[in-house]
Amino acid sequence: MRIYDTATRGLVELPAPPGPVRMYFCGSTVYQRIHVGNARPYVVGSWYARWLRLRGYEVTLVHNITDVNDKIYDAAPGASARLASDATRWYLEDVGRLDLGDPDVQPTATETVPDQIAAIATLVEDGYAYEADGDVYFRVGRFEAYGRLSRQRLNEVVEQEPNPRKEDPRDFALWKANKPGEDTWWESPWGRGRPGWHIECSVMAEKHLGPSFEIHGGGLDLVFPHHENENAQSACAGDGFANYWLHNGLVNTGGEKMSKSLGNSLVVSDVLASGVRPQVLRFLLGGAHYRSAIEYSEAALVEAAAAYGRIETFVRNAGSDVAVDEAAWQQFAAAMDDDLAISRALGVVHNTVSRGNAALDDGDAVTAAGCRATVRRMLTVLGLDPVEQWPAAAGDLHDTVGALVEIALEARSAARARKDFAQADAIRDRLTAAGVVVEDTAGGVRWHLSS
């Protein structure tokens, strides 16, 4: 089992099962509805946890929620607590719609503020941090390894959070004094205030995974300064922190990073409300290697819907499952073991679907059923098994709908047999209007519901 470690810029081997593998993925800052780019780390982390568990690892997955942050105060002056509460609910609703199950732990920053105050106090006592008029800053210059994660030399690190009261422009805030208009605060040894962004994640990760854990994940845009700062403050506190760093590529739209601040976000709830199915959105996010950027567009969505629709059609037409094709499964597993190469693994899925369709055309029901079982097993790992994705109500009605469609297709075949092509076309048109796509193939007539 290999993963790409951002810190070493190379592939590393995970310990053999059962591990453990403890993973922390940076979640969203809750001040708006999440967009598709925010969802990608959630999806990647969930997929990786599923695969590791299937491979026999003992996995703990933590996805945090940042509910104390400058962005929240800026978005709702005097009402940040209400916004954070509402946006946390929106976040849980939206990631729930992605239908990948819940992380093992989903902490909020506000739950651990006393722990954060204690961690900051330790850094101050040890000389790694200092107080300046109610703010507390980390001394970047005291940590010689600073910059290694993001590949920066210590003397070249750019200024963070400009403030003339800092000893060094590179220093970053661990604690921020309460300002006018900020409606949430906690008492601390340095006065009333609230934690900085970076200390929140260090403390949440270590509270739930221990002072040293296997994998820290998140979007590529978090390498600097967020993850660099997390690593520095935890190391100076004497903790091993993350053994490996896993970063997913960004989601772009129109050639630019999708971002709330840039105003080009495609909100997950709006995308799903527009008729895009959650499984199609997940399929799109898996279409490129997790470390690669994704260009999100209507054309990409249409392509993902068509590709997933072809898989669904095959699974529906193949009818039943038999023994899995072990050779195909091993190809899929090899791709997943090699740095979670989902795009390559999906290539195995598509090849198996093609072989299954060819078997259907040849009347080889056994081979087709084996391909169907294999496809379902592979896609279950990604939460994309078509049978599991069909709505419960649709599952109850599927046999009834199928029987009615078969009656219509028998009437169409009878019309074609007596050369009444106008009637045959009319039946097909009515089925199409009802959302049933009819395909005439060498292996016979097939149908599926339009996506």
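Me: Which residues does leucine 14 touch, not counting residues up to four places away in sequence?
Reply: Happy to start there! This is a predicted model, where local features need pLDDT of at least 70, side-chain atom pairs count only at pLDDT 80 or more, and totals for chains, interfaces and linings use all residues. Residues are numbered from 1 along each chain as its sequence is written, and side-chain values use heavy atoms, with hydrogens and water left out. Taking contact as heavy atoms within 4.5 Å, leucine 14 touches Met1, Ile3, Val21, Tyr48, Leu52, Tyr57, Ile215 and Tyr244.

Me: How are the planes of tryptophan 51 and phenylalanine 332 arranged, stacked or edge-to-face?
Reply: Rings of Phe, Tyr and Trp (its six-membered ring) pair if their centres lie within 6.5 Å; planes under 30 degrees apart count as stacked, over 60 as edge-to-face and the rest as tilted. Here the centres are 6.0 Å apart, with 80° between the planes. The pair of tryptophan 51 and phenylalanine 332 is thus edge-to-face.

Me: And how are the rings of phenylalanine 138 and phenylalanine 172 arranged, stacked or edge-to-face?
Reply: Both phenylalanine 138 and phenylalanine 172 are buried (under 20% relative accessible area, with exposed over 50% and partly exposed in between, using a 1.4 Å probe and protein chains only). Their ring centres lie 5.0 Å apart with the planes at 20°, so the pair is stacked.

Me: Which residues form one aromatic cluster?
Reply: One member, tryptophan 51, is buried, and so is phenylalanine 332. The aromatic cluster is formed by Trp51, Trp329 and Phe332.
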